[in-house]
Amino acid sequence: VIHPFVSSRGNLSLRETLEYIWTQLGGPQIYSTETEQQAINSYLELITRHEKGATIDDLPLFETALSQLYAPPDCKASERVQIMTIHKSKGLEFDTVILPGLGRRGKSDENNLLEWLERPDAHGATDLLMAPIKPSAHASGDAISKSLQAINREKSRHELTRLLYVALTRSKQRLYLFGHATADKKGKPQATSNSLLAILWPEIAAFYEGLESSATTAPEQDTTSFSRELFRSPATWLPDNPEALKVETNHRKTKDESGETSLEFDWAGETARAVGIVTHRFLEHFSSNGSSARTGSETQQKSAVSSALANLGLPAEKIAPATDKVLIALKNTLDDERGKWILDAHQQSTNEYSLTTKTEQGFHRFIIDRTFIDENGTRWIIDYKTGSHEGSDTDSFLNQEQQRYKNQLNNYAQLFSQLEDRPIQLGIYFPLLKGWREWPFLA
């Protein structure tokens with residue numbers, strides 16, 4: 001199911017790719033309630049707002065937004081009582097919350113085949129500390145393994161504490177806690193290790209010490225009712241709309257910000273996506289760091305570009321031609337008067353400028369490649385387009401591209417016009433062609 005999307009990565013948006021795979025794997029059948037579908041749609045909408053070029057543009061920002069994406073309330077739940085796991089309660093609130101079984105032991109940590117830990121070093125990079133594998137199942141672990149196991153147990157305890165905090169903060173008026181403690185050899189009550197009650201124990205131990213024991217031995221815990229059966233979605237399952245399983249991975253039609261449909265060109269594939277990302281990255285570096293960033297030997301530049309492409313996951317056989325393409329785009333820009341003018345220092349010059357606006361459909365985030373104010377007080381909004389054109393009629397191609405992206409840049413200008421009162425000029429620069437198109441924004 002996944003392979004066709006991997007082999008043609010970049011021909012679909014990330015949201016479309018995830019949604020197609022999710023559907024073909026039978027996700028809508030397993031998570032079929034209206035509430036679950038609302039949660040899935042909220043996640044996909046978050047992907048849409050944060051993706052650029054079929055990838056997440058700013059992963060830390062996306063992860064922050066994801067941590068704030070709370071569960072929707074169960075739209076068909078009883079008005080009186082709702083039963084759920086602590087994880088599912090995140091983001092919800094109730095007048096009364098009842099937490100049973102706090103004294104139950106949590107899942108024990110299993111012995112891992114390998115123990116490792118990522119640690120930041122003094123230079124801000126990440127080091128990997130790995131323990132050796134035990135020579136046999138009966139051999140005792142070495143000192144490094146034991147140390148890492150202790151650290152990971154402490155991390156698990158912190159996560160358990162975070163989970164308990166979520167549970168305790170769901171109530172608006174009343175909170176009821178239920179938990180049992182067992183007597184140690186001296187007859188003193190003690191919370192079971194690795195339980196939620198053990199986290200609270202320093203504050204509530206005195207309460208249990210004042211209680212009489214209700215039994216001489218702890219009751220046997222019945223775990224059968226807490227098991228969750230796994231099941232496989234039948235291979236014959238189809239969604240209500242069978243068209244949802246059909247996808248063309250060679251090319252696609254998209255809608256730009258204006259709602260108009262446009263056809264992606266053949267170069268909008270995996271290699272072109274990587275070329276565009278790396279070219280944008282280096283142009284941003286050139287304009288942010290001035291002329292000093294534009295020096296360096298050809299070998300150094302080639303090595304830096306190749307490494308950047310490899311980090312994007314581009315297959316090895318495609319890195320060399322993609323590197324040549326990026327280097328041509330960068331050289332063209334630095335040799336072109338228009339390209340150098342775009343990269344030069346200007347008033348309020350900014351790269352990858354982010355603007356967010358609210359519409360009826362929700363919040364939408366836009367990223368502007370380059371913007372600045374020129375010596376005449378005009379605001380320039382410029383997008384880089386790394387498309388190429390095979391043929392003689394380059395002007396016609398550039399004109400078509402201008403029409404294709406005109407509404408997109410006009411939308412950017414519309415947002416800026418709400419922030420400042422000055423003339424706005426729009427432009428598209430094509431590094432691979434030394435091409436340029438510009439037009440004024442008319443409010």
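**View A. Helices α4 and α5 side by side in a predicted model.** The axes of helix α4 (residues 34-50) and helix α5 (residues 59-67) come within 11 Å and cross at roughly 155°; axes are lines fitted to C-alpha atoms, for helices over the stretch in contact, and angles run from 0 to 180 degrees between N-to-C directions. The two helices are therefore roughly antiparallel, the word for angles over 145 degrees, while under 35 is roughly parallel, 65 to 115 roughly perpendicular and the rest oblique. Look for Tyr43, Leu46, Ile47 and His50 of α4, which meet Leu61, Phe62, Ala65 and Leu66 of α5 (contact means heavy atoms within 4.5 Å). Helices here are DSSP runs of H or I with at least four residues, numbered from the N terminus.

**View B. Helix α2 against helix α4.** These two pack at an angle of about 150°, with axes 8 Å apart. That angle makes α2 roughly antiparallel to α4. From α2, Leu14, Arg15, Leu18, Glu19 and Trp22 meet Ile40, Tyr43, Leu44, Glu45, Ile47 and Thr48 of α4.

**View C. A salt bridge between Arg15 and Glu45.** Here the two side chains meet at 3.0 Å, N to O; a salt bridge needs a side-chain nitrogen of Lys or Arg within 4 Å of a carboxyl oxygen of Asp or Glu. The pair links distant parts of the chain, with Arg15 in α2 and Glu45 in α4, 30 residues apart. The structure holds 13 salt bridges.

**View D. Helices α9 and α10 crossing.** Helix α9 (residues 298-311) and helix α10 (residues 316-335) have axes that come within 9 Å and cross at roughly 125°. That makes α9 oblique to α10. Among the residues in contact are Val305 and Leu309 in α9, and Ile319 and Leu327 in α10.

**Notes on the views.** Residues are numbered from 1 along each chain as its sequence is written, and side-chain values use heavy atoms, leaving out hydrogens and water. In this predicted model, local features need pLDDT of at least 70 and side-chain atom pairs count only at pLDDT 80 or more, while totals for chains, interfaces and linings use all residues.
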